[in-house]
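Hello,

Here is the structure I promised to pass on. Please have it open while you read my notes below.

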Amino acid sequence: CLCGAIIFSVKGDVLLNGLCHCRSCCRARGTAPVHILGVPGDAFKFTKGMDRAKEVSSPYGKLRHIFCSRCGSHIYQFHADHPDAMYSVTPTNFHITAADGKTCKLPSKYLPTCHFNYENRLFDWHDDLPKFPQAPGGATVQNDGAPSKSNQRSSALILGLGVCAALLLVTKARTRPSQ
């Protein structure tokens, strides 16, 4: 945290890496979007100051946010229904310092890979990352929130396959011998 009262380590696979636009994340941190790295709950360990951790419930859904009770820094968050499944941490709390003592640029493996909860964005983002209206996965949207053209092609293909499947079923039903 900012004051050093809480120190933690994270070791394990990254389950989620993106920019979250939901109200809970953004209002808890005072900025939008929020870069989140989701890790398995057992990958997170307090190494100092666990007694300084304060849990706050979100008025937006079932997220629980953990802050430092001394300086107010956000430490991690989790979903109340699945408290040990995934902890979301923010890379701004990582101690990454280059040899010059100034640079704290994230290694490329920690750069965000998508936007999610994009339907809640404060303004449009003009980058090449996929943008999911809600949770990552499924259909994406364009920078302005309109459905992606690739989704329209996929929908047309799925619709086309659905029509073909329906025709095939009708044809099989007509050619089936009567019993």
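Pro 33 sits in the loop that links α1 (23-29) to β3 (34-40) in this predicted model.

Stepping back to the whole chain, you will find two helices and nine strands in the protein. Read from the N terminus, their order is β-β-α-β-β-β-β-β-β-β-α. Of the 179 residues, 32% are buried. Among contacts with a separation of 6 or more, 49% join residues 24 or more positions apart. The protein exposes about 11,300 Å², and 57% of that comes from carbon and sulfur atoms.

Now please turn to His 115, which belongs to strand β9 (residues 115-116). Is His 115 buried or exposed? His 115 counts as buried because its relative accessibility is 0%, and the cut-off for buried is under 20%. Its side chain makes a polar contact of 2.8 Å with the side chain of His 21. Leaving aside residues up to four places away in sequence, His 115 also touches several others, including Leu 19, Trp 125, Asp 127 and Phe 132.

One more residue to look at is Asn 117, in the loop between β9 and α2 (149-175). Asn 117 has a phi near 55°, a positive value in a residue other than glycine. With 18% relative accessibility, Asn 117 counts as buried too.

Note on methods:
Residues are numbered from 1 along each chain as its sequence is written. This is a predicted model: local features need pLDDT of at least 70, side-chain atom pairs count only at pLDDT 80 or more; totals for chains, interfaces and linings use all residues. Side-chain values use heavy atoms; hydrogens and water are left out. Helices (H or I, at least four residues) and strands (E, at least two) are DSSP runs, numbered from the N terminus. Buried means under 20% relative accessible area, exposed over 50%, partly exposed in between (1.4 Å probe, protein chains only). Contact means heavy atoms within 4.5 Å. Accessible areas come from the Shrake-Rupley method with a 1.4 Å probe; for residues, only the protein chains shown count as cover. A polar contact is a pair of N or O atoms within 3.5 Å; within protein, one must be able to donate a hydrogen and the other to accept it, and residues adjacent in sequence count only if both atoms are side-chain atoms.
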